[in-house]
Amino acid sequence: MSVGREESASVGGHPGEAGLAGPPLVRMEGIVKRFPGVLANDHVDFELVPGEVHALLGENGAGKTTLMNILFGIYTPDEGRIYVRGEEVWIGSPRDAIRLGIGMVHQHFLLVDRHTVAENVALGFAESQLSPLREVRRRISEFSERYGLKVDPDAYVWQLSAGEQQRVEIIKALYAGADILILDEPTSVLTPQETRELFEVLRRMRDEGKGVIFITHKLEEVMAVADRVTVLRRGKVIGTVPASETDERSLARMMVGREVLFRLEKGEVQVGPPALEVRDLWVVGDRGLDAVRGVTMTVRRGEIYGIAGVAGNGQRELIEAIAGLRKVKSGSIHISGVDVTNKSPKVIHGMGVAHVPEERLRHGIVPNLSVAENLVLKDYDREPFSRGVLLNYEAIERNAEDLVERFEIVTPSIRTPAKLLSGGNIQRLICAREFSREPKVILAAHPTYGLDVGATESIRRLLLEERSRGAAVLLVSEDLEEVLNLSDRVGVMYGGEIVGEFRPGEVDMEEVGLMMAGVRRGGSQAAG
Amino acid sequence: MQAELISSVLWIGLRSGTPLLLATVGEIYAERSGILNLGIEGMMIIGAFTAFAVGQATSSPWLAMAAAAAAGLAASLIHAFISIHLRGNQVVSGLALTMFGLGLTSVAGGTFVGAALPREARIIPSPLSEELAAIPVIGKALFDQDPFLYLSILISVLLWFVLYKTKLGIVIRSVGENPAAADALGVNVYAVRYACTALGGALAGMAGSYITLSLRPGWVENITAGRGWIAVALTIFALWDPLKAIAGSYLFGIVEAGTYNLQPLGFSQWLLNAIPYVLTVVILVAGATETMRKKMGAPAALGVPYVRGEK
Ligand SMILES: Nc1ncnc2c1ncn2[C@@H]1O[C@H](COP(=O)(O)OP(=O)(O)O)[C@@H](O)[C@H]1O
Ligand SMILES: [Mg+2]
């Protein structure tokens, strides 16, 4: 299929049964927004009609959040016009947006943790000035009832799960009288069950004639809930299509701009000597209980060892113990035959161990330092990046230019603070820093978590390249498909133990699922 | 004899606690909205001097107090502008404000040093009722005070009510905890922060005026003697709650008065005088670490400038 078909689709049909009487709820025309070094929105046209769920699809950094922040008055556009219910409007602040009936659930919730649900809602909209909470409680119950949004008005926000917090955010928007509701990647914090419930809520709102804008980078969600979908790529609209007339594959192509390989080719690699050996390892977790209980494993050079399992079964503690970030209670860890048990992270890193941590923003980078500085976080104290007590910025920047090119990190400049990069580019930055030193062992924790398909593919490709180079890779991921696709051997972790070890293809998915749930032990002992 | 001593310590203690209370409650409002103002000492002494000067000129204590409030408010706007609009460092700006206040009053008050305030310009205690004031030990402290002192309690209770029982209170507390959340619901974060900082300034000015109009009627250099810093510590000690500030301020006032009265009993004057300041330092150090502040319930966005949409 040619790209032409999709381009022509940008004329975009309206959803089948939606009420077409009257003007669209929202029309954005030629929206342009620039940030230093980035064209975040490049003449974007977007339209929302009553009674539709309109998905806004795009990779990390495509400009989805920026566009919706413009509609909600967080940013003002550099160019372009906005019409709400047919009338041109100027939205200079969230207050203006709220008056126009626009509500937004941000990706990072805007809630006051230390206040109750009722106080959070009353912040915007109390009917009375004195003791406003009684009335607010009543209205919250009403919304809970009507849309199936269960929350306790007197609970403190910090006590709530992410799913419950999201419901509070939706209630806040509804309370304000929003009939244009924007949700920014709402499912990224939800369990599958909660996601289904959210979609139910969205459908109910659609049936009431509200317009829902649903930002996502997950294709299956578009197919599950959207009536129409607008695809953004690098700040430009690629097209608007009815969800019923497209499929995941062509959406992926529109989103990434090329054919996406959902399954990567994995070449044969000659397996070398053991690089990482873990013997009967016991590690204590944050709550003082044993989180890793007698794990034994060997990872050889040129091999990816995948750890499958539901998060919270000791994977994090295992990786941290190997990286030297957590104390080992008993057992041993050897890197290339050298005992590194309870050595400092610096020593272990010096032995050739690279670490791609989970929670990349907190543990992977220093957000306010530049891209160039982040690229030498672990080497700043050695030649050529420093001489004596002084940093050699010339060498640091040369290094950065080289790595930015080699690892295809998209950044306005190497002096840009790392926090301004998209998730995929932050992860590529971390990989560039860790892999450029040609490590013997790579610890990769949830390396593609939260990334869009394009970025996911590029990170997986990098891991496979490292394997071909001869690195021993220990991969932890909750994405079972990822583990099975990339790994040469797989261990299933449950309750701090490896409850089964096998080669992909030897065991069927159902059996793996049972092992992950702790119901069955087994798999062939493929170690050795 | 013993009862009389305690009665007098309590009486002086409440008086000494009054400027602490006003300044503390004002700082509580500023900090609750997210603005840390270490310029209390400066605003207080500007208020103290203004009240002294206006009192001398007009012989009207209430006019003097109002002028002091206005002067404190004006001074606080410097800090507000630097913190809110220029997004400057609030610690530096606050310290600068304190030095500015001390320096300004030292220069302007140079010729007045040692001057007393005329009697008609003072605020003078008078018993609410003779019978109540005659109650042993606590009668004099509770019922034989000046109207300004009662007013300060009233203000504190009122401000507690606003903070915890009204929508405005929710708005102020939210702005100090998570300004982005307030902004997204249409709250004008800047306006709230300006207003709270200004209120803090006005109250610090009034606190200063109480010193020159009632506590030590007259003028000497550095007349506030570090009370502004005690108020900074009391804000933490009171856990940002105006009602607890009442208790804390009077406690400090009574400690101060007590040390004064213990001198004749042979204790070292220097050590005794140091007690409130030592307590202040202890509280400030305890409140200096991030985790401790969090545990005590410091506003989460305290000292952090707000810019809409910043990553
Ligand atoms: N406040 C900001 N300052 C600087 N750059 C920004 C800011 N917000 C977004 N960007 C940049 O604009 C681009 C689009 O970002 P965004 O709209 O968040 O993408 P998406 O939501 O599609 O992932 C990215 O390159 C991002 O780094
Ligand atoms: Mg986004």
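## Ligand 1 and its contacts

A backbone N or O atom of A:Gly63 lies 2.9 Å from an oxygen atom of ligand 1, a polar contact in the sense of a pair of N or O atoms within 3.5 Å; within protein, one atom must be able to donate a hydrogen and the other to accept it, and residues adjacent in sequence count only if both atoms are side-chain atoms. This is a predicted model, in which local features need pLDDT of at least 70 and side-chain atom pairs count only at pLDDT 80 or more, while totals for chains, interfaces and linings use all residues. Residues are numbered from 1 along each chain as its sequence is written, chains are lettered from A and ligands numbered from 1 in the order in which they are written, and side-chain values use heavy atoms, with hydrogens and water left out.

For A:Thr66, a polar side-chain atom lies 2.5 Å from an oxygen atom of ligand 1. A backbone N or O atom of A:Leu420 also lies 2.5 Å from a ligand oxygen atom. The protein covers 85% of the 560 Å² of accessible area that ligand 1 has on its own (Shrake-Rupley method with a 1.4 Å probe; for residues, only the protein chains shown count as cover).

## The shell around the ligand

Ligand 1 lies between chains A and B. Around ligand 1 there are 15 residues, of which A:Gly61, A:Lys64, A:Thr65, A:Thr66 and A:Leu420 come nearest; a residue is near if one of its heavy atoms lies within 4 Å. By class, the shell has six nonpolar, six polar and three charged residues. Here Ala, Val, Leu, Ile, Met, Phe, Trp, Tyr, Cys and Pro count as nonpolar, Asp, Glu, Lys and Arg as charged, and the others, Gly among them, as polar.

β2 and α2 of chain A each supply at least two residues of this shell. The largest share, three residues, comes from α2(A). Helices (H or I, at least four residues) and strands (E, at least two) are DSSP runs, numbered from the N terminus.

## The four-stranded sheet

An open sheet of four strands in chain A has the order β2-β1-β4-β5, with antiparallel pairing; two strands pair if DSSP finds at least two bridges between them. Its edge strands are β2 (38-48) and β5 (87-89) of chain A, each pairing on one side only. Neighbouring strands are turned by 30° against each other on average, direction ignored. Axes are lines fitted to C-alpha atoms, for helices over the stretch in contact, and angles run from 0 to 180 degrees between N-to-C directions.

Strand β1 (residues 26-35) of chain A pairs with β2(A) in the antiparallel sense over seven bridges. A:Phe35 has A:Val38 of β2(A) as its bridge partner, and A:Ile31 has A:Val44. The hairpin of these strands has two residues between them, and there A:Gly37 takes a positive phi near 80°.

## The six-stranded sheet

A second open sheet, of six strands, has the order β6-β7-β8-β3-β9-β10 in chain A, with mixed pairing. β6 (102-105) and β10 (236-242) of chain A each have a single partner strand, so one side of each is left without a neighbour in the sheet. Neighbouring strands are turned by 15° against each other on average, direction ignored.

Helix α7 (residues 192-207) of chain A packs on this sheet, touching β3 (52-58), β7 (180-184) and β8 (211-216) of chain A, where contact means heavy atoms within 4.5 Å. The direction of α7(A) makes about 150° with that of β8(A).
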